[in-house]
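Hi everyone, thanks for coming along. Let me put the model up on the screen, and then we can walk through it together.

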Amino acid sequence: MEDPQDDERSFESFVAARLAALYRYAMVLTRDRHDAEDLVQEALTRTGVHWRRIVRKDDPEGYVRTAMLRIMTNRWRRPRREVAVAEPPEPAVEDSGLEGLLADASLRGRLAELPPRMRAVLVLRYVEERSEKEIARLLGCSTGTVKSQASRALAKLRTALDTQEVDHG
């Protein structure tokens with residue numbers, strides 16, 4: 001019989017090791033620190049309940065990322081209901097790499113204009129340095145889709161940045 005404490009320790013180890021990466025992914029999907037924190041928390045809460053089953057799969061992180069993407073898709077379809085609280089329940093996650101990315105307002109704005117899947121592909125590829133195969137597995141699509149999404153997203157970014165240079169040049 002499996003020990004529930006082993007599952008809990010396994011889940012806690014996973015969260016400790018991958019929280020920053022999951023938060024970066026959530027930031028790209030939501031473009032807001034608080035929404036990103038909520039997304040990570042909700043995804044981990046949902047997946048933590050079924051961790052024993054999830055950890056047996058080949059890619060538990062991919063499962064969590066897919067859950068995050070599905071949660072976001074559902075949020076886009078529903079009206080927002082926010083509840084204000086006096087104090088945040090936990091301190092924010094600090095990530096100097098993410099801070100540098102977010103400091104570039106032009107790039108941040110251009111990324112925000114991309115559809116969510118294109119943003120996710122670019123961040124997984126260039127921020128998290130994932131392979132096309134890994135990205136395909138994480139997003140539940142083919143490597144061809146990853147390649148085409150990345151190509152289209154980069155083309156859109158180049159066009160937008162070229163247009164910006166002409167406007168300001």
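Which element gives the largest share of the lining of the second largest pocket? That would be α4, with six residues. A quick word on what you are seeing: this is a predicted model, where local features need pLDDT of at least 70, side-chain atom pairs count only at pLDDT 80 or more, and totals for chains, interfaces and linings use all residues. Residues are numbered from 1 along each chain as its sequence is written, and side-chain values use heavy atoms, with hydrogens and water left out.

Back to the pocket. The space in the second largest pocket is about 280 Å³. A pocket here is an open set of points on a 1 Å grid over the protein atoms alone, where a 1.4 Å probe fits, with protein on both sides within 12 Å along at least five of seven lines; lining residues have an atom within 4 Å of a point. Its lining has 14 residues, and Gly62, Tyr63, Thr66, Ala67 and Arg70 are the closest to the centre. Two or more lining residues come from each of α2 (33-49) and α4 (60-77); helices are DSSP runs of H or I, at least four residues, numbered from the N terminus.

Now to another pair of helices. The axes of α7 (residues 116-127) and α8 (residues 132-139), lines fitted to C-alpha atoms over the stretch in contact, come within 10 Å and cross at roughly 140 degrees. α7 and α8 are therefore oblique to each other, a class left over once under 35 degrees is roughly parallel, over 145 roughly antiparallel and 65 to 115 roughly perpendicular. In contact, meaning heavy atoms within 4.5 Å, Arg117, Ala120, Val121, Leu124 and Arg125 of α7 meet Glu132, Ile135, Leu138 and Leu139 of α8.

Note on methods
Axes fitted to C-alpha atoms, helices over the stretch in contact; angles between N-to-C directions. Points joined across faces, edges and corners; volume = space filled by probe spheres on them.
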